[in-house]
Amino acid sequence: MLYTKFENKTIITGKLTAIDPLHIGAAGKENLNPIEVDNSVLKDSSSNPIIPGSSIKGVVRSSFEAILRSLDIEGVSVCDIFNEKKCCMNNAEVEKIKDKKLSDEQMAQEFYDASCDVCKLFGGKKFAGKLHFKDCYYTNDEGKPCKYEKRDGVGIDRKTGAAARSAKYDFEVVPKGTQFDFELIAENLDEKQMGYLDFIINMLEGKGIVDGDYISVGGKTTRGLGRIRLENVERTTINYSDLKAKLEGFINNPCGTKEN
């Protein structure tokens, strides 16, 4: 499905809970104050932690690609978007479609049809993704700011196995149990893609491969950080007929002035 017509929209909301402490690093050290941590976490304008939608989308896509590629299901295609020869939209395929001298809409349809299942859903070189992962903002029912923790790290000398000289550093983490608002918007999904969406939600809930197999985000995930769990999931879907009826209601009763 292209974006020329509205077919359906699904909005998934919930809470993301940090099962482990999180470290999603900022661009660099914010100042030269020696008492500040070397590696701080990414924060919003209120100095509360934030999980970028791109961080979640990246790890979800990577995990989903690996699963589909391993299962080798008939009718399911997965490319390697970082490998020109193995990408569904490699230069040869793009030029082949362009040589057909099609209209813009016909060419877009050809590009879409030639794309693999993952690129159709998450986006590729010629198409925007159908899944929109929004930034996840810190939430606290009591309205209190987040209290951060500090961890120490040290480089290991590869010859001696002991701590390397002058290699100590520290970094900031978001505490275990911290919660964030979650929102995922899916547009114009076909029946197969609706099934993919269900599986992706299961992955975020920790039920993708086996129960308790949670997605990890941010840095230092091999050191015990990063696992998140999606909870309190709510789902709203509107399709073409629902939208048509809603729009006709506004046309027939502008400003809500007429009686039903």
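Predicted model: local features only at pLDDT ≥ 70, side-chain atom pairs only at ≥ 80, totals over all residues.
**Entry 1: ground rules**

I'm calling a residue buried when its relative accessible area is under 20%, exposed when that is over 50%, and partly exposed in between.

**Entry 2: cysteines**

I started with Cys 88, which counts as buried because its relative accessible area is 13%. Cys 79 is buried too, at 7%.

My cut-off for a disulfide is sulfur atoms within 2.5 Å. Then back to Cys 88: that residue is in no disulfide either, and its nearest cysteine sulfur belongs to Cys 79, at 3.7 Å.

**Entry 3: salt bridges, overall**

I ran the salt-bridge search over the whole structure and got ten.

**Entry 4: Glu 187 and Lys 9**

These two side chains meet in a salt bridge, 3.6 Å from N to O. I checked that against the 4 Å limit for the nitrogen and the carboxyl oxygen. Where do the partners sit? Glu 187 is in strand 7 (residues 179-187) and Lys 9 is in strand 1 (residues 8-18), so this pair links parts 178 residues apart in sequence. On accessibility, I have Glu 187 down as partly exposed at 22%. Lys 9 is partly exposed as well, with 27%.

**Entry 5: Arg 61 and Glu 65**

Here the closest N and O atoms of the salt bridge are 3.1 Å apart. I looked up the location and found both residues in helix 1 (residues 53-71). They are four residues apart, about one turn of that helix. Buried or exposed, I wondered, for Glu 65 and Arg 61? Both are buried.

**Entry 6: Lys 100 and Glu 110**

Last pair in my notes: the Lys 100 and Glu 110 side chains form a salt bridge at 3.1 Å, N to O. Lys 100 is in the loop between helix 2 (91-98) and helix 3 (104-114), while Glu 110 is in helix 3 itself, so the contact ties together parts ten residues apart in sequence. Lys 100 has a relative accessible area of 41%, so I log that residue as partly exposed. Glu 110 gets the label partly exposed from its 26%.

Key:
Residues numbered from 1 in each chain as written. Heavy atoms only, no water. Helix = DSSP H or I, 4+ residues; strand = E, 2+ residues; numbered from the N terminus. Buried < 20%, exposed > 50% of the residue type's maximum accessible area, 1.4 Å probe, protein only.
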